[in-house]
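Hello,

Here is the structure we talked about. My notes on helix packing, the sheets and the ligand site follow below.

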Amino acid sequence: MGITSNPAVENVLNVGRMAKTAAAANGFSRAKQTPSKTEGQSQFNMRQAMSLDPRIGKFLSKVSIRTHGSLAWQLSPASSSNFIDPLEIDSAVAGIVRDGFYVFNQRASAEQVTNLVNFAERIPSEARGAGTPLEIYPRSNPQVGRYDIHETQALQSPEVQDFATDPAMALIAQRYLGQPVIMDEVAFWWTTNKKAEDADLNAQLFHQDRDRLSFLKFFMYLTDVESETGPHVYVRGSHKKIPRALRADGRLTDAAVQSAGLGNNITELHGLAGTIMAVDTIGLHKGKTPVTTDRLALENEFATSLFGMDYETPTFDPTNLVRKRYSEMPWVLQRYRDSVVH
Ligand SMILES: O=C(O)CCC(=O)C(=O)O
């Protein structure tokens, strides 16, 4: 793909890739129907252009993604959220703007947590990197460092459906990103204390997410998380500013982040099961490999466009709540159209 090792040359190339990304994203957003995928070269250009500055994706999104009228801003009432206290929305937006993340005071209920853990213990998952068929997570004897429950399987849980379609999270994402949003991915995974050497594969080295131009993630811990049990780790402020030496696309060691002078900004996010966090993962972040017990986390992402990485349109049986939310915010939940509208 013409990658050079000369940073100055790479910078010039990335300016060209930025212009190409703006044109491609604009074409994508103007299409009559959301295209089913983004061409591979455009995905590459986007990822590379995002090395120029961590704020470039948001800028490109603002100038190139055309919104589709007032329908795109339509949300179910934030007060109907079963996870977020609407009184925390302002603080959440301010916290993400300031630090790149916000940990909510309100946690999911014990019943929501129990239902999600029980579900995750009996639904097939993928042992990352093993190349084996989906299997029930072998909790007492895991073989690899991460087990991913795919979105299609995850959506068999009513609680996952509820979390994925949460209107208060969509509102926070809209307000933070300043554009209409689409719920573009659900992830649900166990991390274990096995195969710590697979830290790169398991997103346990610092990195930036570059799958979309402009996006916000929400994580929920479903096990108690402290330093030894696999916290999410974020470099405070890196959603706005990253030293040049750390801007290339790829994984970074703790030592590299520290030698760039960011050691004091490395923040482990601890919390009891049920803790919810909003995180702008364009900033440097990683999961810390658990040492003692495993960690279960659920995550969703809201993005200003499906331009970028291939997206899924999972088939599942929607709850009445999801049917209602789809009718109230069809733009946000557009990936679920085929499952809701038969
Ligand atoms: O496990 C975590 O806390 C972080 C995961 C992550 O960064 C990723 O999946 O890209």
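H1 and H2 cross in the left-handed sense (left-handed: the near helix is turned anticlockwise from the far one by less than a right angle; right-handed: clockwise). This is a predicted model, in which local features need pLDDT of at least 70, side-chain atom pairs count only at pLDDT 80 or more, and totals for chains, interfaces and linings use all residues. Residues are numbered from 1 along each chain as its sequence is written. Helices (H or I, at least four residues) and strands (E, at least two) are DSSP runs, numbered from the N terminus.

**H1 and its two partners**

The axes of H1 and H2 (residues 40–49) come within 8 Å and cross at roughly 125°. H1 is therefore oblique to H2. Angles under 35 degrees count as roughly parallel, over 145 as roughly antiparallel, 65 to 115 as roughly perpendicular and the rest as oblique. Axes are lines fitted to C-alpha atoms, for helices over the stretch in contact, and angles run from 0 to 180 degrees between N-to-C directions.

On the H1 side, the contact uses Asn14, Arg17, Met18, Lys20, Thr21 and Ala24. H2 supplies Ser42, Asn45, Met46, Gln48 and Ala49. Contact here requires C-beta atoms, placed from the backbone, within 7 Å. The contact of H1 with H2 has four nonpolar, five polar and two charged residues. For these classes, Ala, Val, Leu, Ile, Met, Phe, Trp, Tyr, Cys and Pro are nonpolar, Asp, Glu, Lys and Arg are charged, and the others, Gly among them, are polar.

H1 (residues 7–30) also packs on H3 (residues 56–64): their axes come within 9 Å and cross at roughly 45°. That makes H1 oblique to H3. This crossing is right-handed. Met18, Thr21, Ala22, Ala25, Asn26 and Ser29 of H1 touch Ile56, Leu60, Val63 and Ser64 of H3.

**H4 and H8**

H4 (residues 89–99) and H8 (residues 167–177) pack at about 45°, axes 10 Å apart. H4 is thus oblique to H8. The crossing of H4 and H8 is right-handed. Ile89, Ala92, Val93, Ile96 and Val97 of H4 meet Ala168, Leu171, Ile172, Arg175 and Tyr176 of H8. Nine of these residues are nonpolar, none polar and one charged.

**Sheets**

Eight strands form an open sheet in the order E1-E9-E6-E11-E5-E4-E2-E3, with antiparallel pairing. E1 (101–103) and E3 (135–136) are the edges, each with a single partner strand, so one side of each has no neighbour in the sheet. Strands pair if DSSP finds at least two bridges between them. Two bridges join E2 (residues 124–127) to E3. Pro124 stands opposite Ile136 in E3. H4 lies across E1 and E9 (276–279), at about 135° to E1.

A three-strand open sheet has the order E8-E7-E10, again with antiparallel pairing. E8 (266–269) and E10 are its edge strands, each pairing on one side only. Neighbouring strands are turned by 20° against each other on average, direction ignored. Four bridges join E7 (residues 232–235) to E8. Tyr234 has Thr267 in E8 as its bridge partner.

**Ligand site**

Which residues are around the ligand? They are Thr191, Ala203, Asp209, His232, His285, Lys286 and Gly287, with near meaning a C-beta atom, placed from the backbone, within 6 Å. E10 (residues 285–287) gives the largest share of the shell, three residues. By class, the shell has one nonpolar, four polar and two charged residues.

Best wishes

Key
Contact = placed C-beta atoms within 7 Å.
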